[in-house]
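Hi,

Here is the structure I promised to send over. Have a look at it first, and then read on for what turned up.

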Amino acid sequence: MEMIAPEDQRTAQSAATAKSEDALLDISLGPHHPSTHGVFRMDVVLDGERVVKLKPVFGYLHRNHEKIAESVSYLASMPYTDRLDYMCSLTNNWAYALTVEKLAGIQVPERAEYIRVITAELTRLQNHASTIGFLMQEMGASGTPLMYAFREREIILDLFESLTGSRMMSNYMRFGGCRVDLPYGWLKQTEKVVAEFPRFLDEFERLLSSNEILLARTQGVGVLSKKLAIQGGITGPMLRASGVNYDIRKVDKYGIYDRFDFRVPIGEHGDVYDRFMIRLLEMRESLKILTQALRDITAGPIMDTKTKIRGFRPKAGEAYGRIESPKGELGFFLISDGSPQPYRYRVRPPSLINLTVLEDMCLGASVADTVVIFGTVDIVLGEVDR
Amino acid sequence: MNLEKIKSDIEAAVPGCNVQIVVNGSPSGQHSLLLERQHVFEIAKFLQDDSELHLDYCSNVTGVDWLDTETSEKVKVQRLVDGVEQEVEEIRKTRSPGYLEAVYHLYSMEKKHGPLVLRQRTENRTDQINLPSLTPIWRSAEFQEREIFDLYGIIFEGHPDLRRILMWDEFEDHPMRKDYIEPNDYEYEPTPHDAVLEKSMQH
Amino acid sequence: MDPELKNELSRQGIFTTTLEELYNWGRKSSVWPLTFGLACCAIEMIATTMARYDLARFGAEIFRPSPRQADLMIVAGTVTKKMAPQVVRLYNQMPEPKYVIAMGACAISGGPFKQGYNVLKGIDRYIPVDVHIPGCPPRPEALMDAFITLQKKIATQHLTGVDRPRHLNPDAPSEFIVPEFGAHDLEPPKNLKLWHITSNSSPKIPSTADNNEPGKD
């Protein structure tokens with residue numbers, strides 16, 4: 001593979017777009033700005049309305065998650081993981097539980113694996129729906145698409161609430177299983193939600209996919225090449241929109257993902273429109289997984305009986321575990337020194353690393369497009385800054 | 001992944017380098033390769049270009065702070081005590097200097113295998129804290145190496161844009177280090193419990 | 001006016017009011033919050049404005065992106081030390097009369113992240129807060145409750161007298177100091193004019209007698 005030196009590439013691109021040095025305008029976009037992605041700041045250099053340089057500035061939501069986690073027990077970090085990517089608490093739980101299970105060699109009972117798949121895919125549904133809603137909001141479709149998305153999100157949050165006790169901060173998974181079993185009638189209710197969800201997707205697609213304004217604003221905007229996507233460590237829907245077939249559910253087959261029949265949608269152009277469509281298609285695949293999981297779920301225990309959750313002390317060693325979260329590859333890296341607290345606790349945040357190529361995608365685009373391109377990266381600041 | 005084979009491949013491809021396998025004691029079985037800083041760049045390039053490995057995707061880059069450790073062991077020594085040779089127990093302390101470590105997790109998107117874990121270590125924790133940056137090879141390391149520079153203080157040579165990323169520029173400390181002292185701004189709610197009451201008395 | 005007489009009159013079809021009531025009624029029914037989300041609570045704030053919870057019923061559906069057009073700041077989420085100067089600056093830019101709701105445990109005290117080196121332990125160190133609403137994150141219903149509480153507060157404000165609101169009192173400050181980034185911490189770490197903690201050397205131990213005291217505002 002040819003090496004892409006970041007600095008060379010950027011100077012070459014900016015030289016092509018910049019006309020005269022003194023006509024440039026430095027603007028700080030954020031940390032408070034009308035876009036709905038939290039306290040993110042971009043230092044932008046503009047030539048007229050074209051972006052010639054863009055530097056993201058982070059840290060406005062740096063909540064010291066890793067430092068705190070290194071001073072508390074393994075279990076006590078579980079509620080903190082909820083607050084990483086606060087749109088998708090359950091997948092965060094899973095990633096952390098999976099890593100600790102790797103670190104300590106814990107087996108998960110079958111029913112718990114099914115519950116994890118069901119909750120994770122529901123999380124993916126509500127995340128992708130809201131992401132598209134927010135994207136439309138940023139494109140100027142104020143209100144309607146986001147309200148449609150949140151209408152569906154609330155229905156899924158009701159399921160989460162009856163299962164975990166909280167709308168957003170679930171704190172549900174444990175090392176070796178899940179905290180509580182499904183409440184009575186939950187599966188029936190979920191089946192109903194899953195059966196009705198395609199109607200919303202159809203409505204959403206009819207409303208948006210062939211909308212002329214949307215096509216004009218998204219097609220050919222913010223193109224990310226396949227090579228740069230791999231080089232920049234991009235994961236998740238964004239990577240697949242650039243045409244790379246890499247879904248950790250298929251690659252690692254963590255949990256019981258090898259039992260389900262689903263496809264991985266792949267984009268062609270790697271532009272904003274592809275990233276938008278990939279999310280719509282992924283929701284349909286998630287529904288497929290959900291239907292199969294709800295059909296096949298078995299009765300049985302939900303916790304590994306051998307695991308002692310209280311006073312948990314894994315052997316000295318380290319483990320890196322990762323899952324396909326709705327944003328991309330969410331990984332946890334843990335080093336244990338045999339004490340009740342992890343010696344090193346690290347979150348590999350997909351949102352942060354997906355922003356690596358933000359500048360490359362935005363160079364030459366207008367400010368309005370920058371916001372749209374940024375919207376399709378789908379970041380959550382809690383995870384970017386941790 | 002067969003680490004022994006990768007190790008011999010690396011040593012064949014990059015002459016003169018010394019690669020050690022760091023054994024991981026946990027059931028995860030993710031052992032790692034410890035690289036010398038002189039050859040890190042060539043090795044990384046080899047790992048990326050090699051047709052069999054083709055590790056084109058650097059997933060995770062982490063800093064770890066290992067403090068100076070002091071191990072004490074009891075040794076029985078023969079010694080003259082009051083003219084008579086006796087066996088005396090003596091405590092010997094060995095002090096090993098700490099170091100900062102950068103850990104890289106590599107995968108291959110094309111071959112769909114991984115992870116290969118690389119480590120590189122600094123000489124100590126105070127003045128010799130430079131490591132070669134791998135950002136020119138894997139761009140995904142860019143923000144993560146900046147983060148390690150910010151929170152651990154490792155200086156990555158060859159990084160295109162090494163600035164603080166999470167804390168503000170005027171900040172002087174490296175907060176993720178194990179010996180970082182936090183600002184004393186924690187207000188303890190005065191409760192009847194002894195420990196908390198004592199802490200709140202200090203404020 | 002005697003409330004009983006007023007009641008009696010309204011039963012007879014005669015509506016009486018005072019300038020103060022009318023003025024406050026207008027203010028409380030059209031609060032314009034600032035579009036300002038910091039963290040997790042912001043998502044619940046957005047959910048509150050959406051169809052199911054519909055904050056518009058309380059006259060506050062118009063979230064303004066500019067602080068110059070807003071009169072309510074909902075501090076929704078963890079305020080980090082890096083963000084604190086910007087929060088105070090935004091507050092300073094809002095025109096009077098202005099109100100603050102501290103939404104969630106983080107904005108009140110640092111919440112679960114209180115131990116963090118970069119986390120501000122409560123936004124009331126730098127700006128005055130009118131309503132604290134606990135929760136992590138507070139449910140949309142809780143935010144609506146905070147909102148109604150704020151409306152009640154606005155409705156009972158007098159236009160004259162010593163307890164008149166800040167915007168009618170030329171001596172009361174409208175802007176507060178913006179902290180600066182220091183080498184280890186923010187400078188100053190708190191605004192001492194706003195943040196009063198009971199005598200440092202002898203902390204007050206809560207007892208049953210203290211619990212009966214009315215809450216300090």
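To start with something you can find by eye: how many residues lie between β7(A) and β8(A) in their hairpin, and which residue in the turn has a positive phi? There are 5 residues between the two strands, and Gly338(A) is the one in the turn with a positive phi, about 90°. Before going further, please keep in mind that this is a predicted model.

The hairpin in chain A

Strand β7 of chain A covers residues 328–336 and runs antiparallel to β8(A), with 6 bridges joining them. Ser336(A) stands opposite Pro342(A) of β8(A). Strand β8 of chain A, residues 342–348, is mostly covered, with 7 of its 7 residues buried.

One residue of that strand is worth a click: Val347(A) is in β8 of chain A. Why does Val347(A) count as buried? Because its relative accessibility is 0%, and the cut-off for buried is under 20%. Leaving aside residues up to four places away in sequence, Val347(A) touches His65(A), Glu66(A), Leu84(A), Leu330(A), Gly331(A), Phe332(A) and Arg386(A). If you want a distance to check your numbering against, the C-alpha atoms of Val347(A) and Gln126(A) are separated by 23 Å, and these residues are 221 apart along the chain.

The size of an interface is often given as the accessible area lost when the parts come together. Here chain B and chain A bury about 4400 Å² between them, with 55% of it on carbon and sulfur atoms. On the chain B side, Met109(B), Arg139(B) and Phe143(B) lose the most area to chain A, together 18% of what that side buries. The contact involves 53 residues from chain A and 51 residues from chain B.

As for polar interactions, 30 residue pairs are in polar contact across this interface, counting pairs with both residues at pLDDT 80 or more. There are also 5 salt bridges between chain B and chain A. The side chains of Arg119(B) and Glu318(A) form a salt bridge, with an N to O distance of 2.8 Å.

Which elements of chain B give two or more residues to the side that touches chain A? They are α2, β3, β6, β7 and α3 of chain B. β3(B) gives the most, with 9 residues. By type, the residues on that side of chain B divide into 23 nonpolar, 14 polar and 14 charged.

Helix α2(B) has several buried residues: Val40(B), Ile43(B), Ala44(B), Phe46(B), Leu47(B) and Gln48(B). What covers them includes α9 of chain A, along with α1, β2, β6, β7 and β8 of chain B.

Backbone details to look at

Most residues other than glycine have a negative phi, and most peptide bonds are trans. A few places here go the other way.

- His54(B) has a positive phi, near 45°. It sits in the loop between α2 and β3 of chain B, and it is buried, with a relative accessible area of 11%.
- Lys112(B) has a positive phi of about 60°. It lies in the loop between β6 and β7 of chain B and is partly exposed, at 37% relative accessible area.
- The bond from Cys136(C) to Pro137(C) is cis, with omega near -10°. Pro137(C) is in the loop between β3 and α6 of chain C.
- Glu187(C) and Pro188(C) are joined by a cis peptide bond, with omega about -10°. Pro188(C) is in the segment after β5 of chain C.

Happy to talk any of this through.

Best wishes

Technical notes:
Residues numbered from 1 in each chain as written. Chains lettered and ligands numbered in written order. Predicted model: local features only at pLDDT ≥ 70, side-chain atom pairs only at ≥ 80, totals over all residues. Heavy atoms only, no water. Buried < 20%, exposed > 50% of the residue type's maximum accessible area, 1.4 Å probe, protein only. Helix = DSSP H or I, 4+ residues; strand = E, 2+ residues; numbered from the N terminus. Pairing = 2+ DSSP bridges. Contact = heavy atoms within 4.5 Å. Buried area = accessible area lost by both parts, 1.4 Å probe. Salt bridge = Lys/Arg side-chain N within 4 Å of Asp/Glu carboxyl O. Polar contact = N/O pair within 3.5 Å; in protein donor to acceptor, adjacent residues only side chain to side chain. Nonpolar A, V, L, I, M, F, W, Y, C, P; charged D, E, K, R; others polar.
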